[in-house]
Amino acid sequence: MGDYRRIADRIADDIASGRLKPGQRLPPQRAFARRRGIASSTAGRVYGELVRRGLVVGEVGRGTFVRAAPDGPTGQALAEPGPADAPVNLELNYPSAPGQPELLAPVLAPLLRPDVLAEALLPAAATGTESAREAAAALLATPGWRPAPDRLLFTGNARQAIAAVLASLVRPGGRVGVEQLTYPLVKQIAARLGITLVPLAGDAAGLLPEAVAAAHRTAPLSALYVQPTLHNPTSLTTSRARLLQLAQLVHDLNLPVVEDRIWSFLHEPGDPLAAHAPALTHVVDGLSKRVAPGLTVGFLVVPPHRAGAVADAVRSGGWSAGRFALEAAVRWAGEGTVARLVAAKRADAARRQRILAEELAGFAVRSDPRAYFAWWELPAPWRADTFTGAAAAHGIAVTPGPAFAVAPGHTPDAVRLGLASAPEADLRRALRTLAHVAARRAGDRSGP
């Protein structure tokens, strides 16, 4: 196991020294393995370790490219050396409201009493507790939809909820329809479960029903995974008319749906797809964005006839929520803490969107004024990999567009900007720097 890390260390040294430059393509893994006299599997682990360290980025259909170093692919600087400021991570996207710890701490204090703590440290079932089901049902309710408490299940976080639903719905080798750009962890979950993701086209109103129908005719889909509200990474929200069309289609096809609503709390209250197709839709949500990632719970609303199968998947996957986190969630929801945090984070997201609009004015940026992220379609001749490397040279981490792409060979020259985690002053500075870098290379506007 140490051998592949030592090889990765040598590649990392080459990147740090500038022998390997931003945007430079590494050899295909098989060629790398032959050149080094190692197994192909070892080469794969080397490349995986470099990705994990944030030194390279893999683009399906193009290869693996160096992400950060001082010099550009032609020997000239892609980006002038950045200021000696702390790194700004625009990949992470966990919002934190001002005064959040002070809001959360008083609610946790009663849980620390020995008699209450003893109960809170017991294992939790996938069905949680009656109080947790009631609290979650109230938290997830919209004007025209309120899930029945007996349809609620709980996991450690929303990602585990997605994994549990897909594991319960799709056998290895099965096909799941997704938007052409989708949540990267869904790609990882599908790979681990042996599931094939099928990219489906959409437009400004959302996923196209005819694309779903065509894919299903080609070979039956086992399920559909969608993010209809504040889609990550584009921030698109599906129109009500399109939701109704999709609901009718999945009913006609008897096609199960996984509806991811993790960012919906930022949007004006709107009914989910589950309100129109309750017998087929599995709703996924959680507290990681509403509250905090460190003590979170994943929510699942499942059709009545699916509760047992999904609960079995939660148990077998080891994805159950912690009882302490469940108890904290019940108190935070019941005492209005979650509602106060949601209001504060909506205001925070709006402020950050205004910063984005000011600093990237004139660029092709797609976002929603309520969202905590944005999709930046880079000006020519920038590519996602080289821009990511240039950003890293300035101490700024962004997510390259290919991380979201499902179809091989379709690697958008775009990056996603996570607006939630950096302090506002750092966010403004980072966006201004990125605008300067993009403009100086593209030559379409002058930098600051």
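Buried means under 20% relative accessible area, exposed means over 50%, and partly exposed lies in between (1.4 Å probe, protein chains only). This is a predicted model, where local features need pLDDT of at least 70, side-chain atom pairs count only at pLDDT 80 or more, and totals for chains, interfaces and linings use all residues. Residues are numbered from 1 along each chain as its sequence is written, and side-chain values use heavy atoms, with hydrogens and water left out.

**Stop one: a strand.** Select strand E4, residues 152–155. Strands (E, at least two residues) and helices (H or I, at least four) are DSSP runs, numbered from the N terminus. In a regular strand the side chains alternate between the two faces of the sheet. Here Leu152 and Phe154 are buried on one side, Leu153 and Thr155 on the other. Two strands pair if DSSP finds at least two bridges between them. Leucine 153 has leucine 300 as its bridge partner in E12.

Select arginine 428 and glutamate 358. They form a salt bridge, with the closest N and O atoms 2.9 Å apart. Arginine 428 sits in helix H15 (residues 424–442) and glutamate 358 in helix H13 (residues 337–359), 70 residues apart. A salt bridge puts a side-chain nitrogen of Lys or Arg within 4 Å of a carboxyl oxygen of Asp or Glu. Arginine 428 is partly exposed, at 26% relative accessible area.

Next, pick glutamate 359 and arginine 432, another salt bridge, at 2.8 Å between the closest N and O atoms. This pair also links H13 and H15, 73 residues apart. Glutamate 359 is buried at 9%, while arginine 432 is partly exposed at 39%.
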